[in-house]
Amino acid sequence: MSRRPLLLTAACTLFGLVAWTGRHMAPETAKYRVDIKSHQVIDLSPVHQPPQTQDFAATGFLTISLKDSTGGKSMDAVLDSMKVDSTSPIPQAVADSAKGSSWHGLVSPQGKISGLIAGTKTTAGGQFESVLAGFFPRVKTGAKTGDTWTDTLDYTSDQGPATFTMRTVTNYSAPGTEARGGIKALKVQAAYSAARTGTVHNPQGEMNIEGNGTGSGTYYVGTDGRFLGGESMDSTNLSVVVAAAPAPIPITSTTRMTITRLP
């Protein structure tokens, strides 16, 4: 998370020795539900105003197709629909316009997505692009109970007036196995830190954003490499510089994401 929309295996002869075999992942099309809830506090004391809070809750339904390709699997993702909570700053009518947003990328045998390109862009649909960038946990080939490993993910998003760059370093561990939807799967835990920068252009002037965040997550991966879902929690501290403010404006936010693979 990361990470995120959406994700499923065969049984293992010994329930404690489930291993990742992503290089043999079968081509498939799967549907996922992604629930995102965030709480944001904007400290407006630099402009002598009281703090503002903003809550955002959205549910996206994604269809993700994987096919054999050089270097891994080609991925096509489509946002089938998006629902927002009544308190969200995005009206439901705008969320409805996100239907059909699409992306294409390449998934490595370890689950890392590269070359993510938006096919059909919408403002609301862009909420899920960063989720897709780190959608799958990056699991080393042959991972088993007791293993640990580290991954670095770089991601840049260009969504019209806004450009964001993020680098995330994640420490993974595999503490054991669990049944997930009746399927034995490797439990993958993650702890990560992220550095973020961005620029937003608008009629009121340019905003420059930078900051960092930390988070954790728990994910489940079947023996054939299919992602069975999981959840993550992220805490972020940002500093926003705008021409009209005499000092940077601090913003803190917490985000929880749950990914569920649908039948």
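A polar contact is a pair of N or O atoms within 3.5 Å; within protein, one atom must be able to donate a hydrogen and the other to accept it, and residues adjacent in sequence count only if both atoms are side-chain atoms. Such a contact joins the side chain of Lys187 to the side chain of Glu178, at 3.2 Å. The structure is a predicted model, in which local features need pLDDT of at least 70 and side-chain atom pairs count only at pLDDT 80 or more, while totals for chains, interfaces and linings use all residues. Residues are numbered from 1 along each chain as its sequence is written, and side-chain values use heavy atoms, with hydrogens and water left out.

The chain contains two helices and eleven strands; helices (H or I, at least four residues) and strands (E, at least two) are DSSP runs, numbered from the N terminus. From the N terminus on, the order of the elements is β-β-β-α-β-β-α-β-β-β-β-β-β. Of the 263 residues in the chain, 45% are buried, where buried means under 20% relative accessible area, exposed over 50%, and partly exposed in between (1.4 Å probe, protein chains only).

Lys187 belongs to strand E8, residues 183-202. Is Lys187 buried or exposed? Its relative accessible area is 18%, so Lys187 is buried. Contact here means heavy atoms within 4.5 Å. Leaving aside neighbours within four places in sequence, Lys187 is in contact with Ser173, Ala174, Pro175, Gly176, Thr177, Glu178, Thr218, Tyr219 and Tyr220.

Tyr219 also takes part in an aromatic cluster, together with Tyr32, Phe135, Phe136 and Phe227. Rings of Phe, Tyr and Trp (its six-membered ring) pair if their centres lie within 6.5 Å; planes under 30 degrees apart count as stacked, over 60 as edge-to-face and the rest as tilted. By this rule the count comes to six aromatic pairs. Because Phe136 lies in the loop between helix H2 (129-133) and strand E6 (148-159), and Phe227 in strand E10 (residues 227-242), the pair ties together parts that are 91 residues apart in sequence. Phe227 has a relative accessibility of 3% and so counts as buried.

Strand E10 also holds Thr236, which is buried at a relative accessible area of 5%. The side chains of Thr236 and Arg196 are joined by a polar contact of 2.3 Å. Not counting residues up to four places away in sequence, Thr236 touches Arg196, Asn212, Gly213, Ile251, Thr252 and Ser253.

Gln40 is 196 residues from Thr236 in sequence, yet the two are 9.3 Å apart in space, C-alpha to C-alpha. Gln40 is found in strand E1, residues 28-42, and at 23% relative accessibility counts as partly exposed. With residues up to four places away in sequence not counted, Gln40 touches Gln52, Thr53, Gln54, Ile251, Thr252 and Ser253.

The loop between E1 and strand E2 (52-69) contains His48. What is the value of phi of His48? Phi of His48 is near 60°, a positive value in a residue other than glycine. Most residues other than glycine have a negative phi. With 72% relative accessibility, His48 counts as exposed.

On a 1 Å grid over the protein atoms alone, a pocket is an open set of points where a 1.4 Å probe fits, with protein on both sides within 12 Å along at least five of seven lines; lining residues have an atom within 4 Å of a point. The volume of the second largest pocket is about 210 Å³, with grid points joined across faces, edges and corners and the volume taken as the space filled by probe spheres set on the points. Its lining comprises 15 residues, of which Ser114, Gly115, Leu116, Tyr155 and Thr156 lie nearest the centre. Strand E5 (113-120), H2 and E6 each supply at least two residues of this lining, and E5 gives the most, with six residues.
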